[in-house]
Amino acid sequence: MRYHLGVDEEIDNIPPNAFFVIEGGKIYPLVKAVINIGRLLDNHLVIDDPRVSRSHAQLRAVQGHFVLFDLNSTGGTFVNGHRISKTIIYPNDTISLGGVTLTFNQDDPPPRPDLAQSTPHLKIILE
């Protein structure tokens, strides 16, 4: 199956009660299907730090999970210390955008399919 994500993404596809903790302090609720992150003021989540690219990353809701995409940023996007181009993020994942730390969290998260042996793996193919 292939999932294409556009601006008209269904609201019920957004993971409930999800949020970022920015640099260990500020809370940013994740309530949109597409969230642009970067230094430019027209991003949804603006991070005013010279290490963050103007358009650094994008978060998309896909099948009840958030998928993080690097937008060819200068400093790179890292999840749990690994550089990514795109990946599903899970509660307690640490995201680094050019050195600025965000922690993804979710109240009452669904089970992680990659950790449960009896649960079929969620497969999302992104283009």
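Which residue in β4 is the bridge partner of glycine 38? That partner is valine 46. The model is a predicted one, in which local features need pLDDT of at least 70, side-chain atom pairs count only at pLDDT 80 or more, and totals for chains, interfaces and linings use all residues. Residues are numbered from 1 along each chain as its sequence is written, and side-chain values use heavy atoms, with hydrogens and water left out.

## Overall content

The chain has 11 strands and 0 helices. Both kinds of element are DSSP runs numbered from the N terminus, with at least four residues (H or I) for a helix and at least two (E) for a strand. Of the 127 residues in the chain, 42% are buried. Buried here means under 20% relative accessible area, exposed means over 50%, and partly exposed lies in between (1.4 Å probe, protein chains only). The chain exposes about 7500 Å², and carbon and sulfur atoms supply 50% of that area; accessible areas come from the Shrake-Rupley method with a 1.4 Å probe, and for residues only the protein chains shown count as cover. Among the contacts with a separation of 6 or more, 39% are between residues 24 or more positions apart, a contact being heavy atoms within 4.5 Å.

## The two sheets

Strands of a sheet pair through backbone hydrogen bonds, either parallel or antiparallel. In this model, two strands pair if DSSP finds at least two bridges between them.

Strand β3 (residues 34-38) runs parallel to β4 and is joined to it by 2 bridges.

The other open sheet has 6 strands in the order β2-β1-β11-β10-β7-β8, and its pairing is antiparallel. Here the edge strands are β2 (26-29) and β8 (82-83), each of which pairs on one side only.

| Strand pair | Bridges | Residue pair |
|---|---|---|
| β1 (residues 18-22) and β11 | 5 bridges | isoleucine 22 and leucine 102 |
| β10 and β11 | 4 bridges | threonine 94 and threonine 103 |
| β7 (residues 77-79) and β10 (residues 94-97) | 3 bridges | threonine 77 and leucine 97 |

β10 and β11 form a hairpin with 2 residues between them. Glycine 98 in that turn has a positive phi of about 60°.

## Strand β11 and glutamine 106

The covered face of β11 consists of Val100, Leu102, Phe104 and Gln106, while Thr101, Thr103 and Asn105 make up the uncovered one. Glutamine 106 lies in this strand, which spans residues 100-106. Is glutamine 106 buried or exposed? With a relative accessible area of 7%, glutamine 106 is buried. Its side chain reaches the backbone oxygen of proline 16 at 2.9 Å. This is a polar contact, meaning a pair of N or O atoms within 3.5 Å; within protein, one must be able to donate a hydrogen and the other to accept it, and residues adjacent in sequence count only if both atoms are side-chain atoms. Leaving aside residues up to four places away in sequence, glutamine 106 touches Pro15, Pro16, Asn17, Ala18, Phe19 and Pro91.

## Nonpolar core

A nonpolar core is a set of buried Ala, Val, Leu, Ile, Met, Phe, Trp, Tyr and Cys residues joined through side-chain atoms within 4.5 Å. The largest one holds 25 residues, of which Phe20, Leu30, Phe66, Ile89 and Ile95 touch the most other members. Two or more residues of this core come from each of β1, β3, β5 (57-62), β6 (65-70), β10 and β11. Isoleucine 89 touches Phe20, Leu59, Phe66, Leu68, Val79, Ile95 and Phe104, again not counting residues up to four places away in sequence.

## Charged pair and a loop residue

Side chains of opposite charge can pair when their charged atoms come close. The structure holds 1 salt bridge, defined as a side-chain nitrogen of Lys or Arg within 4 Å of a carboxyl oxygen of Asp or Glu. Aspartate 49 and arginine 51 form a salt bridge, with their closest N and O atoms 3.0 Å apart. Aspartate 49 counts as buried at 16% relative accessibility, and arginine 51 counts as partly exposed at 43%.

Asparagine 72 is found in the loop between β6 and β7. At 74% relative accessibility, asparagine 72 counts as exposed.
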